[in-house]
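Here is a short note for a colleague who is new to this structure. Please read it with the model open beside you.

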Amino acid sequence: KQVVKPYDVQLLCEVHEDFKLNIELARHGYWVYDFALPLLMLHALKFKTAEPLRHWLSICPRRQITTLDTHDGMGVDDVTGLAPLAAVPELERSIVCRGGSINYKHYYEPAAKFEAGCDDDG
């Protein structure tokens with residue numbers, strides 16, 4: 001941060017980790033991406049509950065750039081601790097059946113790659 005200060009540059013951190021790290025980075029004055037929002041919105045629509053989304057919106061950093069999609073795919077790591085991991089396979093199926101992709105990094109290890117057929121309910 002001190003290196004870019006003379007140039008009046010702000011840093012935007014791209015972090016796919018536990019959501020608490022982004023909260024901490026924002027507390028230190030850094031801008032972060034909100035990678036949790038897309039999966040939490042899908043979770044709310046799919047399971048007809050806004051509780052995880054509502055919780056996230058109450059604690060999320062205010063120094064963040066919101067994105068609804070990324071070249072990395074939906075970040076499962078970004079919602080670990082925010083939405084029930086038991087819901088992830090069904091969300092995964094819905095995303096993949098509609099042409100989306102999933103980014104598995106550290107926290108969530110699927111038992112097997114998604115290969116089931118898709119139906120109209122996705």
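This is a predicted model: local features need pLDDT of at least 70, side-chain atom pairs count only at pLDDT 80 or more; totals for chains, interfaces and linings use all residues.

The points below cover the sheet, the cores, an aromatic pair and the cysteines.

1. Every value below is computed from it.

2. **Strands 1 and 2.** Look next at how strand 1 meets strand 2, which covers residues 31–34. The two run in the parallel sense and pair over 2 bridges. Leu-12 stands opposite Trp-31 of strand 2.

3. **The largest nonpolar core.** This core holds 18 residues. Which of them touch the most other members? They are Ala-36, Leu-39, Leu-40, Trp-56 and Leu-82. Helix 2 gives the most, with 5 residues.

4. **Leu-82.** This residue deserves a separate look. Leave aside residues up to four places away in sequence, and Leu-82 touches Phe-19, Ala-36, Leu-40, Pro-52, His-55, Trp-56 and Ile-59. Two of these contacts, Phe-19 and Trp-56, return in the aromatic pair.

5. **The second core.** A separate core of 5 residues is also present. Its members include Cys-13, Val-15, Leu-25 and Tyr-30.

6. **An aromatic pair.** The structure holds 2 aromatic pairs. One of them joins Phe-19 and Trp-56. Their ring centres are 6.0 Å apart, with 85 degrees between the planes. The geometry is edge-to-face. Phe-19 lies in helix 1 and Trp-56 in helix 3, 37 residues apart, so the pair links distant parts of the chain. Phe-19 is buried, and Trp-56 is buried too.

7. **The cysteines.** Are Cys-13 and Cys-60 buried or exposed? Cys-13 has a relative accessibility of 16% and therefore counts as buried, the limit being under 20%. Cys-60 is buried as well, because its relative accessible area is 8%. A disulfide is a covalent bond between the sulfur atoms of two cysteines. How many disulfides does the model have? The count comes to 0.

Terms used. Residues are numbered from 1 along each chain as its sequence is written. Side-chain values use heavy atoms; hydrogens and water are left out. A disulfide is a pair of cysteine sulfur atoms within 2.5 Å. Buried means under 20% relative accessible area, exposed over 50%, partly exposed in between (1.4 Å probe, protein chains only). A nonpolar core is a set of buried Ala, Val, Leu, Ile, Met, Phe, Trp, Tyr and Cys residues joined through side-chain atoms within 4.5 Å. Helices (H or I, at least four residues) and strands (E, at least two) are DSSP runs, numbered from the N terminus. Contact means heavy atoms within 4.5 Å. Rings of Phe, Tyr and Trp (its six-membered ring) pair if their centres lie within 6.5 Å; planes under 30 degrees apart count as stacked, over 60 as edge-to-face and the rest as tilted. Two strands pair if DSSP finds at least two bridges between them.
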